[in-house]
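Q: Hi! Could you walk me through this model? I'd like to talk about aromatic rings and a helix.
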Amino acid sequence: MIPKLPVGEGVEMLVDFIDDYFGWLLDAISGVLDLLVNGFQQMLLVIHPAFIILFFAIAAYLVNRRDIRSAALTGLGLFLIWDLQLWPEAMTTLALVIASTVIALIVGVPSGILASGNNTFDALLKPFLDFMQTMPSFVYLIPAVIFFGLGNVPGMIATVIFAMPPAIRLTNLGIRQIPLELNEVADSFGTTAWQKLIKVQLPVALPTIMAGINQCIMLALSMTVIASMIGAGGLGLNVLKGIQRVDIGGGFEAGLAIVIVAIVLDRLTQNLVRR
């Protein structure tokens with residue numbers, strides 16, 4: 001009989017080690033993230049729903065090349081969420097998406113830029129990105145719960161890890177796809193590496209980078225729903241309650257609200273790329 005490798009025991013020892021020696025750091029990270037997500041949530045909740053609906057309708061009108069139909073559909077969709085009395089939950093979900101996306105982009109975009117100019121770093125990064133994108137999303141909940149307990153913070157951390165890979169990959173790809181002639185022209189004018197990045201590479205690669213940001217937002221929204229299983233609030237929690245209580249109507253309404261938020265965010269970011 002083949003002896004069983006003590007993989008599980010090793011993981012438990014590692015978790016205990018991190019908890020014993022870096023517990024203070026985990027508490028500090030948890031406090032900062034809790035402050036961030038609560039800040040976004042309070043900011044969205046303090047504003048009257050009518051103003052937020054109007055803001056998104058105007059944004060849809062401007063981003064979609066003054067298309068009045070897009071503005072009307074955006075306004076009606078958000079008004080429906082308000083009418084279904086799911087507005088606080090929708091704003092909690094939106095706050096989680098915004099906070100998670102901001103952190104994912106702060107880490108992801110610079111990592112993609114660095115990988116585009118360093119083949120060694122790119123080769124080292126690829127296995128981690130493959131691992132992050134193929135791992136079932138539910139698995140991310142386990143370490144988040146172990147280190148940060150239950151609530152919005154562990155849900156946010158799981159969301160950041162799940163949503164980050166597209167931002168890294170598409171930033172890297174966008175810069176690598178820049179025509180060689182453009183880089184040569186920039187070099188011939190004596191630009192520094194920083195000037196070439198800011199004035200040539202990022203503007204040319206912007207559509208691809210924005211596609212990565214769009215994917216990052218959509219993945220963050222999908223993960224906030226799954227994160228409700230570890231105590232994250234918002235519309236996902238309503239869907240989970242609907243399943244647990246066999247409340248078909250309540251679960252469907254929350255699911256419909258999630259779809260509306262996803263469509264609004266997708267259309268805004270997608271069409272922003274085309275401008």
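A: Happy to. One term to begin with: a residue is called buried when its relative accessible area is under 20%, and exposed when that area is over 50%. Bear in mind that this is a predicted model.

Q: Okay, which residues of helix α11 are buried?
A: Helix α11 covers residues 235–244, and its buried residues are Leu235, Gly236, Asn238, Val239, Leu240 and Gly242.

Q: And what follows α11?
A: Valine 246 does, and its phi is positive, near 50°.

Q: Switching to rings: how many aromatic pairs are there?
A: The count is three. One of them joins phenylalanine 17 and tyrosine 21 in a tilted arrangement, with 4.9 Å from centre to centre and 40° between the planes.

Q: Where do phenylalanine 17 and tyrosine 21 lie?
A: Both are in helix α1, which spans residues 7–21, and they sit four residues apart, about one turn of the helix. An α-helix has 3.6 residues a turn, so residues three or four places apart point the same way.

Q: Is tyrosine 21 buried or exposed?
A: Tyrosine 21 is exposed, because its relative accessible area is 54%. Phenylalanine 17 is partly exposed, at 43%.

Q: What about phenylalanine 55 and phenylalanine 56, what kind of pair do they form?
A: An edge-to-face one: their centres are 5.5 Å apart and their planes are at 80°.

Q: And which of those two is buried, and which exposed?
A: Phenylalanine 55 is exposed, with a relative accessible area of 53%, whereas phenylalanine 56 is buried, at 14%.

Note on methods: Residues numbered from 1 in each chain as written. Predicted model: local features only at pLDDT ≥ 70, side-chain atom pairs only at ≥ 80, totals over all residues. Heavy atoms only, no water. Phe/Tyr/Trp six-rings, centres within 6.5 Å; stacked < 30°, edge-to-face > 60°. Helix = DSSP H or I, 4+ residues; strand = E, 2+ residues; numbered from the N terminus. Buried < 20%, exposed > 50% of the residue type's maximum accessible area, 1.4 Å probe, protein only.
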